[in-house]
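Have the 3D view open as you read.

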Amino acid sequence: MTMQCGIFMTPYNPPDRTPRQVFDWALDIARIADEAGYADYMIGEHYTLGWENIPMPDAIIAACAQTTKHIRFAPMAHLLPYHDPATLAIRIGWLSQVMEGRYFLGVAPGGHHTDAILHGYENISGLAPRQLEALHLMERVWERKPFVEKGQYFQAGFPGSETMPEYDVLIADNSPYGGRDKLEIAVTGLSMNSSSMKFAGERDYSPISFFGGTPQMKAHWDTWEAAMASKGRTADRSRYRVCRDVFIADTDAEAKRLVLKTGMMRTWHEYLKEIYVKFGLFDGIIADSGVDIKPDDIDDDFLIEHVILCGSPETVIEKLEVLADKCGGWGQIVANQHDSLDDPKPWEESLRRLATEVCPKVRMPDLVLA
C-alpha cells in the first residue's frame, strides 16, 4: 500500500494572529486534509508560546469532528505534568468515543521553560517523573477497577462498591473507544539523543521524528527499535512517522518562487532559525548537504534546498526516496503546518498534491505498509 501522509499543526502562526484566526485556520486545514485523503492530524499543546498558541488541542479536535469524515486526530501532545491525570484520562476516553475511533493520543512531559514557569515550576528538569506518575494513574483509571492512590505528585482513584454513598451510582464508561488496547499512543522526538524514542519503545508507543538530518533519523529509529526489542517486541517501520516542511507546485522554479511568499518562510526567519541554531538542530542537515556553511549563515536558498521538501511532485518524490534509502522506510510523512492566511490557495494546493501526487508514488525500501 502507499505511504500515508499526515498533518502536524504545531501551530506555527505569528503572534499577531488572534486565537479565533488560529482556530479557524486549523479547522480549514483539517477539512482540506480530510478531503485529500490524509490519515492523521496532530495538534500541539502549548500555553505560553506566541508562535505556537493552541493551549486546548482537544477543543479543535471536537470541532473538527463535525466537519470531517475519515481523518484521525491526536493532541500531540498533552503535557501530562500540567494536567490532573484522572480528569485527563476521562476527557481522553470520552473524546475518543465522540470521535468513534478517529482519535489517538500523544503524550509529553513539556519542553518549554515558559510553560513550566506558568505552572509553578522553576524549569523543565523535574517534569519527566511527573509524566511517568501521571501515565501510571491514567492507566489505572482506564482499567475501571476500584482504587484510591496518592502518589508523590498526583492522586487518583476509581469508585467501587466499597466507596459508594448510601445509594447506588451508575458509573459512566469513559474508557477509550474500543478499549485501552485500541488506543494508540505516540511520542515525538527532535534531538539526536532523544530519550523520548527510548521511552516510546519501552512502552510500545509510536515514534514521531522531527527531521534533523539522516544521522538524527537513524538514531531515532535505532533507539526506538532497541527499546522495543528490550521488551520482546518487534519494531514495525509502518508505525514510524517523519515530520517535514513541504511545499509543492507545478515546477521546481514555481515552488521556489511561491514558497518565499508563504508563512513557512516567515516562521523560519522570525522564529525557527534562532531555535535551530541555539540547540544545534541544523548540524545533521548541514552534514547531509555537503555545503560548507555555518548555522548562523543559513539563508533562504539553503532552507529551500535542504530543509524544506520543495519542488515539483517529481522532485519531492525523489527527495523522499533518497532519504528513505539512506535511513530506511517509514509509514507516514507528516507535513508541518505554517500560517498562510494571507494567501492560502498555493498552500492548500500544495497540501492536496502531497496526498494525491506524491505519497502514492513514493517507493519505500524493504517496507510493506500496513
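A helix crossing is called left-handed if the near helix is turned anticlockwise from the far one by less than a right angle, and right-handed if clockwise. By that rule, H1 and H13 make a right-handed crossing. Before going on, note that this is a predicted model: local features need pLDDT of at least 70, side-chain atom pairs count only at pLDDT 80 or more, and totals for chains, interfaces and linings use all residues. Residues are numbered from 1 along each chain as its sequence is written, and side-chain values use heavy atoms, with hydrogens and water left out.

Back to that helix pair. H1 covers residues 19-36 and H13 covers residues 344-358; their axes come within 9 Å and cross at roughly 35 degrees. (Axes are lines fitted to C-alpha atoms, for helices over the stretch in contact, and angles run from 0 to 180 degrees between N-to-C directions; helices, H or I with at least four residues, and strands, E with at least two, are DSSP runs numbered from the N terminus.) H1 brings Trp 25, Ile 29, Ile 32, Glu 35 and Ala 36 to the contact, while H13 brings Pro 344, Trp 347, Glu 348, Leu 351, Arg 352, Ala 355 and Thr 356. Contact here means heavy atoms within 4.5 Å. Sorted by class, these residues come out as eight nonpolar, one polar and three charged. For the classes, Ala, Val, Leu, Ile, Met, Phe, Trp, Tyr, Cys and Pro count as nonpolar, Asp, Glu, Lys and Arg as charged, and the others, Gly among them, as polar.

On a 1 Å grid over the protein atoms alone, a cavity is a set of points where a 1.4 Å probe fits but cannot get out, and a pocket is an open set with protein on both sides within 12 Å along at least five of seven lines; lining residues have an atom within 4 Å of a point. Grid points are joined across faces, edges and corners, and a volume is the space filled by probe spheres set on the points.

The largest pocket has a volume of about 1500 Å³. Look for Gly 110, Gly 111, His 112, Ile 124 and Leu 190, which lie nearest its centre among 45 lining residues. Helix H9 gives the largest share of that lining, six residues. Overall, the pocket lining has 24 nonpolar, 17 polar and four charged residues.

Of its 13 lining residues, Phe 211, Asp 245, Trp 268, Tyr 276 and Asn 336 are closest to the centre. Strand S10 (241-248), helix H9 (263-278) and strand S12 (332-338) each give two or more residues to this lining.

What about the backbone? Most residues other than glycine have a negative phi, and most peptide bonds are trans. Thr 10 and Pro 11, however, are joined by a cis peptide bond with omega of about -5 degrees, and Pro 11 sits in strand S1. Another cis bond runs from Met 76 to Ala 77, with omega near 15 degrees. Glu 100, not a glycine, has a positive phi of about 50 degrees; Glu 100 is exposed, at 58% relative accessible area. Asp 204 also has a positive phi, about 65 degrees, and is partly exposed at 33%. (Buried is under 20% relative accessible area, exposed over 50%, partly exposed in between, with a 1.4 Å probe and protein chains only.)
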